[in-house]
Amino acid sequence: MHPALSVIFFTVVSGAGYGLFVMLFALAFLDIIDISRNAALTAAILSIVLISAGLLSSTFHLANPKNAWRSFMRFKTSWLSREAVFAVLFYPFALLFTLGVFMSDAGAAPLRMSGFFWLMGLLGMILALITVFSTGMIYGCLKTIRQWNTALTPANYILLGLMLGSLALTAIMGVMDGNVAGVSAITLMVITGAAILKAIYFFWVKKVTGPT
């Protein structure tokens, strides 16, 4: 395997962006972390920037990037098409949630927003997870490659994305709020979970069954 650098960049950067958005919303909504408005706003904007950079880079390995629009045309049969559709649907909800963070009380921690903006964040989080799952299924559905054709593939995509997002959120809160006690504990749990799942995957791959 010799994947294009743009594909690697897309996978890591967009995964980190989606993971950051999911962790920001989930931990803030559940009131697990005391994050300031400025730190939350930075995290929300950074997540959108990372996702946009990743999606843009994913077109670079195409022979003709102008044909990228065709990836939206086979939603019923293609995981690549589903990924593209869900990635676009994510934006309005993520932007509205970010607007809600911007309009929240600057002095309040945890975040205080109206139910509408929390709902937008929830829908954005769901679409983020579905998008990453779809990315993993692009490889997971390939029966010709045994190492990819497993539920562990999309599961690893999701958990590794959450791991990168957790690390980014911890860094942001450390710099802007100086309070990482709660988020760092969650981050360590996510890292541990990602490491265990990856170890399970490597163990499964090592066990050869059927034709190679």
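Rings of Phe, Tyr and Trp, the last taken by its six-membered ring, are treated as a pair if their centres lie within 6.5 Å. In this predicted model, a search of the whole structure on that basis finds 14 aromatic pairs. One of them joins F97 and W118, whose ring centres are 6.1 Å apart and whose planes meet at 50°, so the pair is tilted, given that planes under 30 degrees apart would count as stacked and those over 60 as edge-to-face. Because F97 belongs to helix α3 (residues 79-103) and W118 to helix α4 (residues 115-140), the pair ties together parts that are 21 residues apart in sequence. Both F97 and W118 are buried, and both belong to one aromatic cluster that also includes Y18, F21, F25, F29, F90 and Y91.

Aromatic rings also take part in contacts with charged groups. The charged end of R82 sits over the ring of W79, 4.5 Å from the centre of that ring, while R146 lies over the face of W204, at 5.1 Å from the ring centre.

Of the 212 residues of the protein chain, 43% count as buried. Among the contacts in the protein chain with a separation of 6 or more, 74% are accounted for by residues 24 or more positions apart. The protein chain exposes about 11200 Å², of which carbon and sulfur atoms supply 73%.

What holds the most contacts inside the largest nonpolar core? That core has 42 residues, and those with the most contacts inside it are L24, I35, F90, F97 and L169. Each of α1, α2, α3, α4, α5 and α6 supplies at least two residues of this core, and the largest share, 10 residues, comes from α1.

Helix α1 itself has 25 residues and reaches 36 Å from its first C-alpha to its last, close to the 36 Å expected at 1.5 Å a residue. Of those 25 residues, 19 are buried, so α1 is largely enclosed by the rest of the structure. After α1 comes D31, whose phi is positive, near 60°, a positive value in a residue other than glycine. D31 is found in the loop between α1 and α2 (37-57), and with a relative accessible area of 42% it is partly exposed.

Helix α2 can be checked in a similar way: its 21 residues should span 30 Å at 1.5 Å a residue, and its end C-alpha atoms are 30 Å apart, which agrees. The buried residues of α2 are R37, A39, A40, L41, A43, A44, S47, I48, I51, G54 and S57, and they pack against α1, α3 and α5.

At the other end of the helical series, helix α6 (residues 181-206) has 26 residues and reaches 38 Å from its first C-alpha to its last, close to the 38 Å expected at 1.5 Å a residue. Its buried residues include V183, T187, V190, A194, L197, Y201 and V205. An α-helix has 3.6 residues a turn, so residues three or four places apart point the same way. The buried residues of α6 pack against α1 (5-29) and α5 (152-176).

T170 is found in helix α5 and, at 17% relative accessibility, counts as buried, because buried means under 20% relative accessible area. Leaving aside its neighbours within four places in sequence, T170 is in contact with V180, V183, S184 and T187; of these, V183 and T187 are among the buried residues of α6. V180 has its place in the loop between α5 and α6 and, at 29% relative accessibility, counts as partly exposed. Beyond its neighbours within four places in sequence, V180 is in contact with T170, M173 and G174. The C-alpha atoms of V180 and D34 are separated by 9.2 Å, although these residues are 146 residues apart along the chain.

Definitions and conventions:
Residues numbered from 1 in each chain as written. Predicted model: local features only at pLDDT ≥ 70, side-chain atom pairs only at ≥ 80, totals over all residues. Heavy atoms only, no water. Helix = DSSP H or I, 4+ residues; strand = E, 2+ residues; numbered from the N terminus. Buried < 20%, exposed > 50% of the residue type's maximum accessible area, 1.4 Å probe, protein only. Lys NZ or Arg CZ within 6 Å of the ring centre and 35° of its normal. Expected span 1.5 Å × (residues − 1). Contact = heavy atoms within 4.5 Å. Core = buried A, V, L, I, M, F, W, Y, C linked by side-chain atoms within 4.5 Å. Areas by Shrake-Rupley, 256 points an atom, 1.4 Å probe, with all protein chains shown as cover.
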